[in-house]
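Please look over the structure shown below and then read the report that accompanies it.

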Amino acid sequence: MNTFHPLHESTRRKSLRLWPGIVIVLLQWLSRFVLPELFPDAIAFGFLSIFLFGLALAIWWAFFSRAPAFERWFAIVLMVAGLVATSQIIDKSIATANVGLMFAFYSIPVMSLAFVVWAVASRNFTDKLRRITMVFTILLASGFWALLRTNGMDAEIHHEFAWRWATTAEESLISTPDQLTSMPLDSEARAKEPEWAGFRGTNRDGIVHGSQIETDWTKNSPVELWRRPVGPGCSSFAVHGDLMFTQEQRGDYEMVTCYHLNTGDPVWKHSDSTRFWDAHAGAGPRSTPTLYKGRLYSMGATGIVNVLDEATGTLIWTRNAAKDTHVEIPGWGYTGSPLVVDSTVFISISGQILAYDISNGHLRWSGKDGGESYCSPHLMVNNDTKQVLFTNKEGLTSYAPADGNILWNLSFPGIRVIQPALINETDLLINQEERKALKRIAVNKNAGVWKVEERWTSENLKPDYNDIVIHKGYVYGFEGGLSLACIDIEKGERKWKGARYGGQLILLADQDILLVLTEKGEIALVKAIPGQFTELARFPAIKGKTWNHPVLAGHILLVRNTQEMVAFRL
């Protein structure tokens, strides 16, 4: 008759081969979370490693761990069943993020780590206790995801987690409605041209002329004028006189809003009953309104175009541009900021451009749908010929503003976010694709025929969602969406690569200064010179992920994100 002796079980437990599992999970976490921090281009390998090392862990446990057969196979079945079952009840934000793969990207490493920790910690437990704790560990490692949501991700695909039931900043804002203010407006200032006409300024190039600021912030740091909550959205600002305009989401209403520049007090708001949301950027409109001759032109994330009186917010005309096309809303929503040229306003509905009469909203013409795009129409004047440039998944197309005739095009497939950057009236820079390369082309008209010549393609600056600026023969932007970098305009050769800021930037041309609004909400000043990377100052401005473009109107800097906005005097 066989008798059980605790020493025999202890000896068997110590014979478990645990070190391969420890090594596998360490390599999995290093590849997924550490390696991309050191080498941003390795992020794709980091995600692939999740599944490779996850499979390796299953093979180790099933065939090489020396665990009892029941524990080996029951654990694997339970892990798979637990993750599959949890995937059916997780919050929509986690279920849909990263093309539906976010749950796998995060839950597999967590499950792997929890399981190896359990295997090490329980190696001397009795069979009963060992199996009870195994079931508990697996169910906890999979099931706790049902309690969470993500409030979005940053450029390095790090998500901001919160309890599923926690009150959002938007819900807090809605609970305390704005009180609109009526105050005398500066008619003299508003009689002049707008200080910041819309997306990235009057020329959509992110360049500020005629403005100088103090750069020694150890002695004269930015002075906060006001700070207030704002509804979610990726919009930036337009500024005219003492009024500033943006777009935001509040519950079921998408809004175009006007605030007083010097106080932040709300002046008027226009609401449309519609809502867009995605798991990466969150809720709200993605575009920035455009000022033109006393009117404000806006487009929402679902395609609603509004033309409003800038002083009162009175609706002049509205149009659902999405219904004028057969283009499906892309994953990040409709994002193009309106462009007004003479008597026409141009709207981009993903990969298709539409032209409306500014007086009545009648559709004048529309271009071909070229596939997914997150770019805005862009004006170029070449050989005294006005052209509207538009990039989409098929490439770059130049349209005649009056009738939509195609003047020239350049085919190079890829999804794009940033604007073309004009070097002069013939040459421009365009991005090859997200985080791929930057391309310089030259456009000339000979004997009535437009000709496009590719000058160079450089991988020394690979923009992502961050726009670039050109200054004195050099290009400044974010390499891979993260590190600030400088290349020359003639050959695309890199001059330097600096700090990892992310975010967006504008150029103070008169001072050779880059003003960077980092993804973490800091303001940094960097010299716009090719010699070396030099940071002059850095200042915490706003909390939370910040993807919205900054605005400098005179000496007032405006920044915002999906939760708040703030004005500084520089």
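This is a predicted model: local features need pLDDT of at least 70, side-chain atom pairs count only at pLDDT 80 or more; totals for chains, interfaces and linings use all residues.

Residues are numbered from 1 along each chain as its sequence is written, and side-chain values use heavy atoms, with hydrogens and water left out.

Helices (H or I, at least four residues) and strands (E, at least two) are DSSP runs numbered from the N terminus. Strand β37, residues 564-569, has five of its six residues buried, where buried means under 20% relative accessible area, exposed over 50% and partly exposed in between, with a 1.4 Å probe and protein chains only. Strands pair if DSSP finds at least two bridges between them; β4 (residues 223-229) is joined to β37 by six bridges and runs antiparallel to it, with Val 223 opposite Arg 569. Five bridges join β36 (residues 556-560) to β37, also in an antiparallel arrangement, and here Leu 558 stands opposite Ala 567. Three residues lie between β36 and β37, which form a hairpin.

**Surface and pocket**

Phe 39, in the loop between α2 (19-38) and α3 (43-64), counts as exposed because its relative accessibility is 52%. The largest pocket has a volume of about 1400 Å³. Of the 50 residues that line this pocket, Met 153, Trp 332, Val 417, Glu 434 and Asp 464 are the closest to its centre. A pocket here is an open set of points on a 1 Å grid over the protein atoms alone, where a 1.4 Å probe fits, with protein on both sides within 12 Å along at least five of seven lines, and lining residues have an atom within 4 Å of a point. A volume is the space filled by probe spheres set on the points, which are joined across faces, edges and corners. Helix α5 (92-100) supplies the largest share of the lining, four residues.

**Salt bridges**

A salt bridge is a side-chain nitrogen of Lys or Arg within 4 Å of a carboxyl oxygen of Asp or Glu, and by this rule the count comes to 25.

| Pair | N to O distance |
|---|---|
| Arg 131 and Glu 71 | 3.3 Å |
| Asp 357 and Arg 364 | 2.8 Å |
| Asp 427 and Arg 455 | 3.0 Å |

Asp 427 is buried at 2% relative accessibility, whereas Arg 455 is partly exposed at 41%.
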